[in-house]
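Biologist: Could we go through this model together? I should like to begin with the terms and then turn to the structure.
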Amino acid sequence: EVSKANEIIEQSKQNIENEINFVNDKKIKLSTIAIMNPSKREISDIDENTVVSFVEMASVSNDGFIETKVDKLLKDLKKGSFTYFAENDIIIAKITPSMENGKCAIAYNLTNNLGMGSSEFHVIRVKEEINNKYLFSYLNREIIRNEAEKQMTGASGHRRVPSSFYENLQIPLPPLETQKEIVSRIEKLENNINEAKKIVDNAKGKKEEILKKYL
């Protein structure tokens, strides 16, 4: 069961890559279809006693989602160096080794639709021409992380991806309806991965039950 589940995981991951790799539409610079690192000025008029979601770097899974969020008052975070983001924004680690490890996510289910997090996140907010899950699937790939790594600046151990890397990235842009169709197929593949992971995770308990029964 575990062997078959692992095969499903690997094949589904490859199929997700293929969904993006086979998009041959005209490419467009990311900065024209998305906003990079929205300013905190957007929340300057919001009541400082508003509760928002706080997301640390450690709270973002290497598998592309936010594992935990903590509710905190905006006033306790706003004046710090924390990064601001909002519901449906994409957050991507910019510092080594978090970026290389794949720490990135779409910000879903934020308290009051607002989030603050590590200063080591880049934030990307899509405009109307592009689906956020489509863009996330394009960015959340080994080939993009390898290119980002080449563009890192700073001292060893504290190297970071500059925002200009993403701003200048060329993104294939099919019609919005086609993007949604691609996302739908990717989500089905992700469901296959999640179901297969459950089998792998439950295998240890099953093994222990068998050992107890026969030994």
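This is a predicted model: local features need pLDDT of at least 70, side-chain atom pairs count only at pLDDT 80 or more; totals for chains, interfaces and linings use all residues.

Biologist: How many cavities of 30 Å³ or more does the structure hold?
Modeller: The structure holds one. The volume of the largest cavity is about 80 Å³.

Biologist: Which residues line the largest cavity?
Modeller: Its lining consists of Ile92, Ser98, Met99, Gly102, Lys103, Cys104, Phe136, Leu139, Asn140, Ile144, Arg145 and Tyr166. Two or more of the lining residues come from each of helix H2 (98-101), helix H3 (132-139) and helix H4 (142-150).

Biologist: And what does the lining of the largest cavity have by class?
Modeller: Seven residues are nonpolar, three are polar and two are charged.

Biologist: Let us change topic to helix H1. What span should its 20 residues have?
Modeller: Helix H1 covers residues 2-21 and, at 1.5 Å a residue, should span 28 Å. The end C-alpha atoms of H1 are 28 Å apart, so the two values agree.

Biologist: Which residues in H1 are buried?
Modeller: Ala5, Ile9, Ser12, Ile16, Glu19 and Ile20 are buried. These residues cover an arc of only 90° around the axis, and therefore lie on the same side of H1.

Biologist: What covers the buried residues of H1?
Modeller: The covering elements include H3 and helix H6 (176-214).

Biologist: Which exposed residues are on the face turned away from the buried side of H1?
Modeller: That face carries Ser3, Lys4, Glu7 and Glu10.

Definitions and conventions: Residues are numbered from 1 along each chain as its sequence is written. Side-chain values use heavy atoms; hydrogens and water are left out. On a 1 Å grid over the protein atoms alone, a cavity is a set of points where a 1.4 Å probe fits but cannot get out, and a pocket is an open set with protein on both sides within 12 Å along at least five of seven lines; lining residues have an atom within 4 Å of a point. Grid points are joined across faces, edges and corners, and a volume is the space filled by probe spheres set on the points. Helices (H or I, at least four residues) and strands (E, at least two) are DSSP runs, numbered from the N terminus. Ala, Val, Leu, Ile, Met, Phe, Trp, Tyr, Cys and Pro count as nonpolar, Asp, Glu, Lys and Arg as charged, and the others, Gly among them, as polar. The expected span of a helix is 1.5 Å times one less than its number of residues. Buried means under 20% relative accessible area, exposed over 50%, partly exposed in between (1.4 Å probe, protein chains only). The arc is that of the directions from the helix axis to the C-beta atoms. Contact means heavy atoms within 4.5 Å.
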